[in-house]
Amino acid sequence: MEKILLAVDGSEASMKAVDEAIKFANAFKAEVDLVSVVYEQPVFLAPGAITLPNLAETRKGILDTVLEATSDMVGHLANRFKENGLKVNTLVIQGKPAEEIIRLANDGSYNLVILGSRGLSGVKGYLLGSVSNKVANSVKTTVLIVRQ
Ligand SMILES: Nc1ncnc2c1ncn2[C@@H]1O[C@H](COP(=O)(O)OP(=O)(O)OP(=O)(O)O)[C@@H](O)[C@H]1O
Ligand SMILES: [Mg+2]
């Protein structure tokens, strides 16, 4: 069976990537792995700005909230595949987005990787974001980049 890896970050372009993935999965009777990567930003603070136990607690609270929201998002998107009679698996991974997507794409037995051209960062001026750029440059699989 054909397998598609679809990477989503909740952005407009990644939602268009979902639409394309549904079309491709239908056409090729493919199974879809839907992945979203949660990146915990490092925090740099002046010593004494906040006590360490509080910082650890706050960071964990934020991470848990983001992980939960991300799980909700991929679960919600997975339903769209199921409604179309398609087989879908959801993955929420912690790490650096490009690294994790590349690792998955090169480890797995995927026939196609689908992602959006741009993501959540508001920076304009480039056609590709750093994640789509790195993935397109580093995976052995065929990549479909869906424009915003
Ligand atoms: N955390 C993530 N998890 C899964 N897929 C992601 C993630 N971040 C980006 N992507 C995928 O990569 C596509 C391009 O996003 P990218 O992050 O490269 O652009 P950007 O946010 O505009 O720029 P940058 O992040 O480099 O500032 C998204 O549409 C999405 O498909
Ligand atoms: Mg991004």
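**Helix, core and ligand shell**

Analyst: I22 is found in helix α1; helices (H or I, at least four residues) and strands (E, at least two) are DSSP runs, numbered from the N terminus. This is a predicted model, in which local features need pLDDT of at least 70, side-chain atom pairs count only at pLDDT 80 or more, and totals for chains, interfaces and linings use all residues. Residues are numbered from 1 along each chain as its sequence is written, while chains are lettered from A and ligands numbered from 1 in the order in which they are written.

User: Does I22 count as buried, partly exposed or exposed?

Analyst: A residue is buried if 20 or more other C-beta atoms, placed from the backbone, lie within 10 Å of its own, exposed if 12 or fewer, and partly exposed in between. I22 has 19 C-beta neighbours inside 10 Å, so I22 counts as partly exposed.

User: Which residues does I22 touch, not counting those up to four places away in sequence?

Analyst: Two residues are in contact if their C-beta atoms, placed from the backbone, lie within 7 Å. With residues up to four places away in sequence left out, I22 touches R80, F81 and N84.

User: Which residues of α1 are buried, and what arc do they cover?

Analyst: α1 has 17 residues and reaches 25 Å from its first C-alpha to its last, close to the 24 Å expected at 1.5 Å a residue; the expected span is 1.5 Å times one less than the number of residues. The buried residues in α1 are A13, S14, A17, A21 and A25. They are on the same side of α1, because the arc around the axis, taken from the directions to the C-beta atoms, is only 110°.

User: Which residues are exposed on the other side of α1?

Analyst: The buried residues of α1 include A17 and A21. On the other side of α1, the exposed residues are E12, D19, K23 and A27.

User: What phi does K29 take?

Analyst: K29 lies in the loop between α1 and β2, and K29 is exposed, with 11 other C-beta atoms within 10 Å. Most residues other than glycine have a negative phi. K29 is not a glycine, yet its phi is positive, at about 50°.

User: Which residues have the most contacts inside the largest nonpolar core?

Analyst: A nonpolar core is a set of buried Ala, Val, Leu, Ile, Met, Phe, Trp, Tyr and Cys residues joined through C-beta atoms within 7 Å. L6 touches A17, V18, A21, V32, D33, L34 and I114, not counting residues up to four places away in sequence. The largest core has 29 residues, and those with the most contacts inside it are I4, L6 and I114.

User: How far apart in space are I145 and L115, C-alpha to C-alpha?

Analyst: I145 is found in strand β5 and is buried, with 20 other C-beta atoms within 10 Å. Leaving aside neighbours within four places in sequence, I145 is in contact with L115, S117, S132 and A136. I145 and L115 are 30 residues apart in sequence, and their C-alpha distance is 5.3 Å.

User: Which residues are closest to ligand 1?

Analyst: A residue is near a molecule if its C-beta atom, placed from the backbone, lies within 6 Å of it. The shell around ligand 1 divides into 12 nonpolar, 9 polar and 2 charged residues. Of the 23 residues that surround ligand 1, the closest are G116, G119, G129, S130 and V131.

Notes
Ala, Val, Leu, Ile, Met, Phe, Trp, Tyr, Cys and Pro count as nonpolar, Asp, Glu, Lys and Arg as charged, and the others, Gly among them, as polar.
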